[in-house]
Amino acid sequence: MTEHTVSAYENELKGLAQRVAEMGGLAEKQIVGSIDALIRNDHELAQQVRAADPQIDALQRQIEETGILIIAKRQPMAVDLREIVGALRIATDLERIADLAKSNAKRVLAINGAQQLPKVTGGFDAMARLAMERVKQVLDAYAQRDVAAALEVWGADGDIDALYNSLFRELLTYMLEDPRNIGPCTHLLFCAKNLERIGDHATNIAETIHYMVNGVALVDERPKLDTISMVPVA
Amino acid sequence: MVPLCRGLALALVLRIAGAVDWPYALGAGLALVAAGFVVRLRPRGKAPLEETLLARRAARLTDLTVEGLMAALPVPAVLLDPKLVVRTHNATAAALLPGLRRGEPLMLFLRAPEVVDVVRRALATNAHQVIDYQERVPVARWYSVDAVPVAVTSEARDGERPDYILIVLRDLTEERRLERLRADFVANASHELRTPLASVLGFIETIQGPARNDAAARERFLGIMLTQARRMSRLIDDLLSLSRVELNEHVRPTDTVDLVALIAQLRDTLGPGAAEQGVTIEVNAAEPALKVPGDQDELFRLFENLVQNAVKYGAEGKRVVVTLDSEGRDGRPTEAVVTVRDFGPGIPAEHLPRLTERFYRVDVASSRDKGGTGLGLALVKHIVNRHRGKLAIASPPGQGASFTVRLELAGAAEPVPPAGSEARGAA
């Protein structure tokens, strides 16, 4: 009888982790869709990305409800409690990531193919790749409960920031060249900022994983890029 | 009828043999007849149906049978229960999905929404479903996933819900990569060759026309055309090399390469050319050997590009320093670290993150003068990717530029104790 109860509890925890992983997969797909839509000026794809967002929001609400229910029913302790709290936090970060991707998709329509210069699209492609890599690494780290891998992501946020600065400068020069560029370039600036925010959320997830496994929050200062020009290029 | 005859026959035999008297012979015969009827008329019951017998046997399939079958499948395969928890898998699946474990939900190892979707559809429709999905990072890969319902018990065979779902992954990367690389190559080549080709055509027309009799102009133009033609040739070579590396980017190399020996060879090859430009190449190796899994030619090309760049753009500093070292966790060396450093003007910070993009140049004019194609660092990046390594570029203001490549050391290599000062310095 006791065995049956314990395994049901374990199943609930596994179910929670499973749903977070599923949400992660959907968020990753949204990032891919939004950047493809931006680079190819694909309005249909942009609409698909926007339409897929409510599903992710619903998943996040589900995870929250399930998590709170488990806490109420099982009164978990220590590592189990941290698992649930971690899952809730990560779900919030993933929902924000998906929202940022959706926001980029919305701007595709406004930009409408302006500034399709190789330098700009190249920069966005590179930045999106970095963001996708970080999100994938951190979600894999969550699945394996691998703190070392999570810390790698945590420490490597600087490279996305560097790319963002580079793109920022470039877009500014285009805006200075010709006032007609200001509209689309401002949208592109926001898109670049959103990608940088996605990287930040990936770092948050890494911090949560550290907390889940080690029981203490990560309090060290994240290495900021401004003072160093060291750029890890995957 | 038969028992009656048997019985009478027995009675006759007994009487003729004289063994017993008639009454006893008849008694024995009757007993045999009765036994015969009893056997005949025993209730037989319904014979078990072929199918239920099969199903019962199937349900008794041991884990060993399932494991054996799964291991025999030549493609990555995972068996899931209706709750999408991994029941079992084979070794190729574990190689493809790192960390794959029995008893955990599939989503922890394979998150792609397409896969989750196809499994749920196969469960709901109890029919074979297929879907394609693509992985973008770290290397682009394409897969086709088949989700097949498995019925083991008779309820599942008759009913709507399968007992398990078998998913099989097929790697489509080769074909898709080939298509995409071909398209990219054509696009890149036509775009980049257009300008030099146009200028060569222009000069040819000028020499045929207005400058026909101007020997000095002809000499000059021919010189420029030669440079442009050589540049186009180099571009084609670089594009081909890039395609070749990208084609195999998803396949990890299997040979072992000693980086220390490779860099020594590189120094011998490039040394004379660098000396002509007034640059010396120094090599500092902290270890006598650094063995990594890799492709000899590609790694040579990688470091050749980095050193040539350093000589080209850092000529002012008069020296290029290549450092080899190992780093590790918990005292055991796990990574080989090679740094190529020049002491030239360096690279402005805003360009650092973009350097490995194809055709990205910091200063287009000076790069063209030095014969650059804009593809050198893209090639370096893809080779590093193929070797699952990391590349870092640093250029503190006024201190030149350094390119650091980190590669995983070959697991089989013994950790070599750091060599003494004899191994340091250029030999």
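Let's begin with the cysteines: a search of the whole structure, counting every chain, turns up zero disulfides. Keep in mind as we go that this is a predicted model. A:Cys185 takes part in no disulfide, and the nearest cysteine sulfur, which belongs to A:Cys191, is 11 Å away. A:Cys191 is likewise in no disulfide, its nearest cysteine sulfur being that of A:Cys185, 11 Å away.

Now let's see how chain A and chain B meet. On one side 39 residues of chain A take part, and they are in contact with 36 residues of chain B. About 3200 Å² of area is buried between chain A and chain B, and carbon and sulfur atoms give 56% of it. Charged side chains join in as well: the count between the two chains is five salt bridges. You can look for one between A:Asp36 and B:Arg136, whose side chains meet in a salt bridge at 2.4 Å, N to O.

Next, move to chain B and find helix α2, which runs through residues 22–41. This helix has 20 residues and reaches 29 Å from its first C-alpha to its last, close to the 28 Å expected at 1.5 Å a residue. Which residues of α2(B) are buried? They are B:Ala25, B:Gly29, B:Val33 and B:Gly36. The face of α2(B) turned away from the buried side carries exposed residues, namely B:Pro23, B:Tyr24, B:Leu30, B:Val38 and B:Leu41.

Another helix of chain B, α9, spans residues 215–247 and holds B:Gln228. With a relative accessibility of 18%, B:Gln228 counts as buried, because the cut-off for buried is under 20%. What does B:Gln228 touch, once its neighbours within four places in sequence are left aside? B:Gln228 is in contact with B:Pro196, B:Ser199 and B:Val200.

From helices we turn to a strand. B:Thr404 sits in strand β12 of chain B, residues 401–408, and is buried, with a relative accessible area of 10%. If residues up to four places away in sequence are not counted, B:Thr404 touches B:Val337, B:Val338 and B:Thr339, along with B:Lys390, B:Leu391 and B:Ala392. Take B:Leu391 from that list: B:Thr404 and B:Leu391 are 13 residues apart in sequence, yet 5.7 Å apart in space, C-alpha to C-alpha.

Our last stop is a pair of loops in chain B. B:Lys318 lies in the loop between α11 (296–313) and β9 (319–329), and has a positive phi of about 70° although it is not a glycine. B:Arg388 lies in the loop between α13 (376–386) and β11 (390–394). Phi of B:Arg388 is near 55°, again a positive value in a residue other than glycine. At 30% relative accessibility, B:Arg388 counts as partly exposed.

Conventions: Residues numbered from 1 in each chain as written. Chains lettered and ligands numbered in written order. Predicted model: local features only at pLDDT ≥ 70, side-chain atom pairs only at ≥ 80, totals over all residues. Heavy atoms only, no water. Disulfide = S-S within 2.5 Å. Helix = DSSP H or I, 4+ residues; strand = E, 2+ residues; numbered from the N terminus. Expected span 1.5 Å × (residues − 1). Buried < 20%, exposed > 50% of the residue type's maximum accessible area, 1.4 Å probe, protein only. Contact = heavy atoms within 4.5 Å. Buried area = accessible area lost by both parts, 1.4 Å probe. Salt bridge = Lys/Arg side-chain N within 4 Å of Asp/Glu carboxyl O.
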